[in-house]
Amino acid sequence: MAAATAAGAAAAAAAVSLIACYIIFRSSTPKVPWARTARPSRTSGRRTRRRGLVEAIGNTPLIRINSLSDATGCEILGKAEFLNPGGSVKDRVAVKIIEEALESGDLSYGGTVTEGSAGSTAISLATVAPAYGCRCHVVIPDDAAIEKSQIIEALGATVERVRPVSITHRDHFVNIARRRALEANKLAAAQRESNETQTNGLAHVNSRDKLETMQRESKKTQNNDPAHGSTGMPHRGKYDPSSDSKGGFFADQFENMANYRAHYEWTGPEIWEQTKGSLHAFIAAAGTGGTIAGVSCYLKEKNRNIKCFLMDPPGSGLFNKVTRGVMYTKEEAEGKRLKNPFDTITEGIGINRVTRNFMMAELDGAYRGTDREAVEMSRFLLKNDGLFVGSSSAMNCVGAVRVARDLGPGHTIVTILCDSGMRHLSKFFNDQYLADHGLTPTATGLEFLDK
Ligand SMILES: Cc1ncc(COP(=O)(O)O)c(C=O)c1O
């Protein structure tokens with residue numbers, strides 16, 4: 001009965017927070033979806049002096065991609081984000097999310113950052129959290145590549161593998177991550193209450209009992225949680241919120257505007273300085289939309305003539321949103337299907353909803369790319385430039401060539417090399433996987449972009 005009450009309370013809290021997010025999201029949706037809303041206030045995070053591991057994040061080189069530049073007569077430059085310590089562009093986002101949360105008091109030193117992500121953001125949060133004296137708990141679907149949870153656990157974070165369900169379901173991995181932060185906060189509050197009662201010398205039996213009950217219920221809720229995967233995957237160092245007296249904070253990379261600010265205050269200015277303001281276009285694909293939004297806003301603020309474009313992978317609705325103002329049909333909207341409503345080999349990019357971060361983007365247009373183009377481009381870059389990049393970076397380079405061809409020779413185009421090919425060995429760089437999906441690369445040059 002008590003367990004049911006605790007689980008019910010957690011569900012109610014999650015539902016309230018979901019409804020609140022929905023209301024905030026709806027009320028802030030502009031008529032033109034990619035138009036800017038009011039710019040979120042800058043924080044003191046801008047150009048903060050950072051030390052230690054965190055100091056090594058950012059300031060990534062802007063590499064001239066010789067093969068693509070020579071082929072198009074443009075300067076095609078790739079921001080080498082795969083060189084960040086956590087291996088991707090998401091290191092910046094992890095830093096910004098944690099710093100802003102610590103600054104606002106939403107996260108305490110020693111607290112736990114939770115996130116629902118199977119990708120780079122989780123790895124970056126796990127990498128960066130200890131540098132701020134924090135812990136990290138990641139909830140991922142149990143069909144995500146096992147290497148991903150192994151990496152996150154090896155970094156010292158705890159991982160919960162759960163059954164994949166729709167984002168509208170309370171047990172979607174993102175919703176569980178949000179719930180875990182709430183649970184940790186409730187326990188921290190109970191712990192504080194218990195400590196205060198003890199130090200005041202009052203009868204503390206009630207508050208201590210309450211805390212112990214909550215700790216027991218919290219453990220039980222997790223153990224009985226139907227969301228837990230049926231794969232029998234071990235949870236090494238499984239997260240135990242009852243041991244966490246410092247509370248939790250849900251990173252929420254899709255809707256947390258710290259994501260946008262990481263790129264507006266950090267990536268954008270670096271690109272501007274590295275090109276000395278001499279660039280004509282920027283193109284990137286969007287997952288959360290943080291990169292394209294932050295960088296495009298910053299560059300446009302510096303020079304409105306810089307063209308900013310979205311690069312969209314198969315199945316994503318953003319191309320339509322940008323070019324025609326509508327997403328795909330209602331049936332294809334995110335949340336209507338159990339898993340990804342499309343098949344694409346690219347990871348971390350493409351989405352069928354407009355996030356708060358993406359809403360900030362200032363775009364002049366959008367391009368589309370196919371899986372085949374991304375695969376061929378990755379091999380072309382390996383062969384000609386020695387660049388070993390992941391699927392989203394390869395897609396971005398396809399976009400950069402499209403922009404170069406449309407603008408004509410003599411232009412400078414910047415894109416993002418989000419992560420390394422090393423993160424993509426089981427699919428994107430797996431010959432058998434590619435053969436099984438009819439994606440075996442065959443091109444000798446850039447002819448695959450002519451179709
Ligand atoms: C490897 C990779 N590339 C690109 C992106 C897209 O970046 P953003 O989320 O800023 O739109 C992501 C997002 O998760 C990613 O993991």
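K276 is located in the loop that runs between helix 8 (258–274) and strand 7 (281–285). In this predicted model, K276 has a positive phi of about 50 degrees although it is not a glycine. K276 counts as exposed because 7 C-beta neighbours lie inside 10 Å, and the limit for an exposed residue is 12 or fewer.

**Backbone at N59**
- Most residues other than glycine have a negative phi.
- N59 has a phi near 55 degrees, which is a positive value in a residue other than glycine.
- The position of N59 is in the loop between helix 1 (2–27) and strand 1 (62–64).
- N59 is exposed, because 12 other C-beta atoms lie within 10 Å and a residue with 12 or fewer is classed as exposed.

**Overall fold**
- The secondary structure of the protein consists of 14 helices and 10 strands.
- Of the 451 residues in the protein, 48% are buried.

**Surroundings of the ligand**
- The ligand is surrounded by 18 residues, and the closest are G287, T291, G348, S392 and C418.
- The shell around the ligand comprises 12 polar, 4 nonpolar and 2 charged residues.
- Domain 1 (2–30 + 109–246) and domain 2 (52–88 + 267–449) each supply at least three residues to the shell around the ligand.

**Packing of helix 12 against helix 13**
- Two packed helices are described by the angle between their axes and the distance between the axes.
- The axes of helix 12 (residues 371–385) and helix 13 (residues 391–407) come within 8 Å, with a crossing angle of roughly 95 degrees.
- Angles of 65 to 115 degrees count as roughly perpendicular, and helix 12 and helix 13 are therefore roughly perpendicular to each other.
- On the side of helix 12, the contact is made by E373, A374, M377, S378 and L381; on the side of helix 13, the contact is made by S391, A394, M395, C397 and V398.
- By class, the residues of the contact of helix 12 with helix 13 are 7 nonpolar, 2 polar and 1 charged.

Technical notes. Residues are numbered from 1 along each chain as its sequence is written. This is a predicted model: local features need pLDDT of at least 70, side-chain atom pairs count only at pLDDT 80 or more; totals for chains, interfaces and linings use all residues. A residue is near a molecule or strand if its C-beta atom, placed from the backbone, lies within 6 Å of it. Ala, Val, Leu, Ile, Met, Phe, Trp, Tyr, Cys and Pro count as nonpolar, Asp, Glu, Lys and Arg as charged, and the others, Gly among them, as polar. Domain bounds come from an automatic or database domain assignment. Helices (H or I, at least four residues) and strands (E, at least two) are DSSP runs, numbered from the N terminus. A residue is buried if 20 or more other C-beta atoms lie within 10 Å of its own, exposed if 12 or fewer, and partly exposed in between; C-beta atoms are placed from the backbone. Axes are lines fitted to C-alpha atoms, for helices over the stretch in contact, and angles run from 0 to 180 degrees between N-to-C directions. Angles under 35 degrees count as roughly parallel, over 145 as roughly antiparallel, 65 to 115 as roughly perpendicular and the rest as oblique. Two residues are in contact if their C-beta atoms, placed from the backbone, lie within 7 Å.
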